[in-house]
Amino acid sequence: MKIPPKFNLLLFILSISFSATTAFPHFFPNVSSIPPSFLPNTTAGAWDTFNKLTGCHSGQKLSGISKLKNYFRYFGYIGNTTNNFTDDFDDALESAVKNYQLNFNLNATGELDESTVKQILKPRCGVPDIVNGSSTMNSGKAPKTVGHSVAHYSFFPGRPRWPEWRRNLTYAFDPRNQLSDDVKRVFVSAFSRWSEWTPLTFTETSNYFTADLRIGFYAGDHGDGEEFDGVLGTLAHAFAPPRGLLHLDSDETWIIDDVFASGSSSAMDLESVAVHEIGHLLGLGHSSVEDAIMFPTISSGVRKVELARDDVEGIQELYGTNPDNNGTTGPSFGEREVNGGHRDTSVLVKILFLAVGLTLFVL
Ligand SMILES: [Zn+2]
Ligand SMILES: [Zn+2]
């Protein structure tokens, strides 16, 4: 059948405007609703080849090291001068590995030991841990002490934040993604995690181009120089204020229901990733506190949506407290929701033990 030239042109324009940057992301209410035919394509992560570098150390030469150097360059651990790397485990790589280990609370040996490679393989946020040569995490600086706790939260260089007169922010979704109300509700919940502790409010608007915060799902290269890498690897990224862009990798398998069967697939919890990226939109960098929302990695099959004390202290340093939430009091930090919606009751148990101990002591 012959297609009329005009129709051909229309098809061409449509294919450019949709396939180049925007895709229809895959959402599932929960892991068991993912069709079996879909899973075999989503088990290999973007960085799985780093597995074979386990045990590698300075002075060695091994195929794949140049790719690892690119990984460290992407996240800020190797200077931005070149991407034409050799497969030599040189001093620059050793220093990158050491800084990475410090940031992720690992032994700073400079060697690619098993726990370091395991951490490197985890899916993570695409925002660098080191921006313009200055670490936004743990390495090379003494942690701040806030009250009795040690804080590791960080800001982008220059501490950009939304100005005083912009406390009521609007957000919108890229209309090309055609997101359902169920997906949009995930973001309502994610924004509320931050508004609960700050004077900020977040309201959806239908005008994508005038919204303060713009959210979209994209595949591969999508025009901002920070291309996505397919299944796992980088999951999302967001830009510091006042840019307001939050991008998610549409090649991931996103779970939108809050009941999560743990660890069984490469599916990612959408709200967990959204809460983290909103932290960046508001001005927070990465934290080396593993419990914190702003920790850079999250494993598949994990749900982590509640702010940790570290996140709250960081965001309140930028914006102050929520006048309706009486400062830092409110929901307990101890009741953390993790895998499969189970509650971590360790803090409650400790309090109970303390209470019993005190009673016995008094008697
Ligand atoms: Zn991040
Ligand atoms: Zn992007």
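Modeller: Helices (H or I, at least four residues) and strands (E, at least two) are DSSP runs, numbered from the N terminus. This is a predicted model, in which local features need pLDDT of at least 70 and side-chain atom pairs count only at pLDDT 80 or more, while totals for chains, interfaces and linings use all residues. Residues are numbered from 1 along each chain as its sequence is written, and chains are lettered from A and ligands numbered from 1 in the order in which they are written.

Biologist: Which residue forms a cis peptide bond with proline 241, and between which strands is that residue found?

Modeller: Most peptide bonds are trans. Here, however, omega is about 5° at the bond that joins proline 241 to proline 242, a cis peptide bond. Proline 242 is found in the loop that runs between strand 10 (234-238) and strand 11 (245-249).

Biologist: Is aspartate 212 buried or partly exposed?

Modeller: A residue is buried if 20 or more other C-beta atoms lie within 10 Å of its own, exposed if 12 or fewer, and partly exposed in between, with C-beta atoms placed from the backbone. Aspartate 212 lies in the loop between strand 8 (201-204) and strand 9 (213-218). Because aspartate 212 has 19 C-beta neighbours inside 10 Å, it counts as partly exposed.

Biologist: Which residues does aspartate 212 touch, not counting residues up to four places away in sequence?

Modeller: Two residues are in contact if their C-beta atoms, placed from the backbone, lie within 7 Å. With residues up to four places away in sequence left out, the partners of aspartate 212 are Leu169, Thr170, Tyr171 and Gly244.

Biologist: How many residues of helix 6 are buried?

Modeller: Helix 6 covers residues 270-282, and just after it glycine 283 takes a positive phi of about 120°. The helix is mostly covered, and its buried residues number 13 of 13.

Biologist: Why does asparagine 105 count as partly exposed?

Modeller: Asparagine 105 lies in the loop between helix 3 (91-103) and helix 4 (114-121), and its phi is near 60°, a positive value in a residue other than glycine. It is partly exposed because the number of other C-beta atoms within 10 Å is 16.

Key. Expected span 1.5 Å × (residues − 1).
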